[in-house]
Amino acid sequence: ATAGSDGSYNFWEKNQRTRIKQFESCYYPITAAKFNSSGDLFAYAVGYDWSQGPSMFNPSLPNEILLHCMPNSLTQHYS
């Protein structure tokens, strides 16, 4: 998976290097992302990534960890 400061994340087929799923942006920077060991759960953190410096920090924006349950059709790519 890849995730970025634009708030979007993508799942990729690792051997063929092709994107298998693109998700709409959550509108906040994704600062960390990881699959669990069995590949059926994807967790990602959203929050300010400090790329625009401390003057742009807004404490009212979310700092959250979100979970995405993987359907069986996608987990086969990560086993």
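How many bridges join strand 1 to strand 2, and in which sense do the two strands run? In the predicted model examined here, two bridges join these strands, which run antiparallel. In one part of this pairing, Ala3 has Tyr9 of strand 2 as its bridge partner. The two strands form a hairpin, with five residues between them. Gly7 lies in the turn of this hairpin and has a positive phi of about 85°.

The chain as a whole contains six strands and one helix. Read from the N terminus, its elements follow the order β-β-β-β-β-β-α. Along the principal axes, the C-alpha atoms fill a box of roughly 45 × 20 × 20 Å. The chain has 79 residues, of which 32% count as buried.

Three strands make up an open sheet, in the order 1-2-3 and with antiparallel pairing. Strand 1 (2-3) and strand 3 (18-22) stand at the edges of the sheet and have a single partner strand each, so one side of each is left without a neighbour in the sheet. Strand 2, which spans residues 9-13, pairs with strand 3 over four bridges, again in the antiparallel sense. Within this part of the sheet, Phe11 stands opposite Lys21 of strand 3. Strand 2 is mostly covered, as four of its five residues are buried.

Strand 2 and strand 3 also form a hairpin, here with four residues between the strands. Arg17 is located in the loop between them, and its phi is positive, at about 55°, although the residue is not a glycine. Most residues other than glycine have a negative phi. Arg17 counts as exposed because its relative accessibility is 72%, and the cut-off for this class is over 50%. A positive phi is also found at Trp50, another residue other than glycine, where the value is near 65°. Trp50 belongs to the loop between strand 5 (41-46) and strand 6 (64-69). With a relative accessibility of 47%, Trp50 counts as partly exposed.

Aromatic side chains were examined next. The structure holds twelve aromatic pairs. One aromatic cluster is formed by Tyr9, Phe11, Phe23, Phe35, Phe42 and Tyr44.

At the surface, a nonpolar patch is formed by Tyr27, Tyr28 and Leu61, which together have about 330 Å² of accessible area. One of these residues, Tyr28, is found in the loop that lies between strand 3 and strand 4 (30-35). Tyr28 counts as partly exposed because its relative accessibility is 31%, a value that falls between the limits of 20% for buried and 50% for exposed residues.

Note on methods
Residues numbered from 1 in each chain as written. Predicted model: local features only at pLDDT ≥ 70, side-chain atom pairs only at ≥ 80, totals over all residues. Heavy atoms only, no water. Phe/Tyr/Trp six-rings, centres within 6.5 Å; stacked < 30°, edge-to-face > 60°. Pairing = 2+ DSSP bridges. Patch = residues over 30% accessible without salt bridge, like charges linked within 9 Å, V, L, I, M, F, W, Y side chains within 5 Å. Areas by Shrake-Rupley, 256 points an atom, 1.4 Å probe, with all protein chains shown as cover. Salt bridge = Lys/Arg side-chain N within 4 Å of Asp/Glu carboxyl O. Buried < 20%, exposed > 50% of the residue type's maximum accessible area, 1.4 Å probe, protein only.
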